Amino acid sequence: MRDTCLQRLWRRVAIWFECTNRFRKVYGIMAKQHDFAEKVRKGTEERGSRCPKCGTIRVPILYVQSVRSAHQSYRFNSQRMQVCKCNEKEIYA
Ligand SMILES: [Zn+2]
């Protein structure tokens, strides 16, 4: 009788453990997903800010223009630009 009682108790403990493990697993996945979303959000924020006009993330690029100088020679003028839907047509044209 004592053995079955212990076994029953042990089974309960085992079920309880499994429940908490499952909860921990699910909670861990949720936490990971949250972390990942947070990282992606932070990553895009670091790379560029969102344009208030078109709502797309501005991507910083090095915009290189060939500029004709006074001595009939070309030189390259490069500048950092933030590209979004508003100005991408002008830049990539
Ligand atoms: Zn824009």
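Hi everyone, let me start at a turn: in the hairpin of β1 and β2, five residues sit between the strands, and Gln72 there takes a positive phi near 55°. Before going on, a word on the source: this is a predicted model, where local features need pLDDT of at least 70 and side-chain atom pairs count only at pLDDT 80 or more, while totals for chains, interfaces and linings use all residues. Residues are numbered from 1 along each chain as its sequence is written.

Strand β1 covers residues 59-68 and strand β2 covers residues 74-83, and the two pair in the antiparallel sense over ten bridges. Pairing here requires DSSP to find at least two bridges between two strands. Within this pair, Ile61 stands opposite Met81 in β2.

How many of the ten residues of β1 are buried? The number is zero, so β1 lies largely in the open. For the cut-offs: a residue is buried if 20 or more other C-beta atoms lie within 10 Å of its own, exposed if 12 or fewer, and partly exposed in between, with C-beta atoms placed from the backbone. Across the protein chain, buried residues make up 1% of the 93 residues.

Let's zoom out. The protein chain has two helices and two strands, in the order α-β-β-α along the sequence. These elements are DSSP runs numbered from the N terminus, with helices being H or I of at least four residues and strands being E of at least two.

Helix α1 spans residues 2-47 and includes Lys32. Lys32 counts as exposed because it has 10 C-beta neighbours inside 10 Å. From Lys32 to Lys89 there are 57 residues in sequence and 38 Å in space, C-alpha to C-alpha.

Now the overall shape. The C-alpha trace spans about 105 × 25 × 15 Å along its principal axes. The radius of gyration is 30 Å, whereas a compact globule of 93 residues would have one near 12 Å. That radius is taken over C-alpha atoms, and the globule rule is 2.2 Å times the number of residues to the power 0.38.

As for domains, an automatic or database assignment sets the bounds: domain 1 is 1-47 and domain 2 is 48-93. Their C-alpha centres lie 49 Å apart.

Finally, confidence. The average pLDDT, the predictor's confidence in each residue from 0 to 100, is 83 for the protein chain, and 90% of the residues score at least 70.
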